[in-house]
Amino acid sequence: ADVDEVYLVLSTVTGIAGSREIIKSYGFLDRYKLIFLKTDEAPVFGAILNIRNLTGKKLSYITNGQNVPDDIEIVNSDRLAKKLLGRMA
């Protein structure tokens with residue numbers, strides 16, 4: 001199919017090892033962007049940063065709640081960085 005955009009959807013609570021396996025399973029995809037679900041349930045956000053760096057793919061959206069599509073939001077890099085750093089402090 002000829003598509004405009006492809007997204008790989010990962011759960012923030014899956015963790016780095018599980019996410020790596022998912023990425024490996026979809027290795028046939030060439031161009032895609034990332035969506036992370038369940039940021040409201042994740043105790044840490046390191047998986048988002050690690051997967052972003054591992055894949056080199058653009059982080060496009062996150063979900064922060066159970067009401068889809070209302071809880072889907074465009075990634076705000078500043079807000080995400082503050083969440084990552086805030087958890088480290």
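**Core, helix packing and a loop residue**

The largest nonpolar core has 14 residues, among which Leu10, Leu34, Phe36, Leu59 and Leu80 touch the most other members. Such a core is a set of buried Ala, Val, Leu, Ile, Met, Phe, Trp, Tyr and Cys residues joined through side-chain atoms within 4.5 Å; buried denotes under 20% relative accessible area, exposed over 50%, and partly exposed the range in between (1.4 Å probe, protein chains only). Two or more residues of this core come from each of strand E1 (7–11), strand E2 (33–37), H2, strand E3 (59–63) and helix H3 (77–88). Helices (H or I, at least four residues) and strands (E, at least two) are DSSP runs, numbered from the N terminus.

The model is predicted: local features need pLDDT of at least 70 and side-chain atom pairs pLDDT 80 or more, while totals for chains, interfaces and linings use all residues. Residues are numbered from 1 along each chain as its sequence is written, and side-chain values use heavy atoms, with hydrogens and water left out.

Contact here means heavy atoms within 4.5 Å. Setting aside neighbours within four places in sequence, Leu10 is in contact with Ile22, Ile23, Leu34, Ile35, Phe36, Leu37 and Ile51.

Helix H2 spans residues 46–55, and Ala47, Ile48, Ile51 and Thr55 are buried in it. Viewed down the axis of H2, these buried residues fall within an arc of 100° (taken from the directions from the helix axis to the C-beta atoms), so they line one face of the helix. An α-helix has 3.6 residues a turn, so residues three or four places apart point the same way. Just after H2, Gly56 adopts a positive phi of about 70°.

H2 packs with helix H1 (residues 16–25) at an angle of about 35°, their axes being 10 Å apart. Axes are lines fitted to C-alpha atoms, for helices over the stretch in contact, and angles run from 0 to 180 degrees between N-to-C directions. From H1, Ile16, Ser19, Arg20 and Ile23 meet Ala47, Asn50, Ile51, Leu54 and Thr55 of H2.

Ser11 belongs to strand E1 and counts as buried because its relative accessibility is 15%. Residues up to four places away in sequence not being counted, Ser11 touches Ser19, Phe36, Leu37 and Lys38. Lys38 lies in the loop between E2 and H2. With a relative accessible area of 35%, Lys38 is partly exposed, and its phi is near 60°, a positive value in a residue other than glycine.
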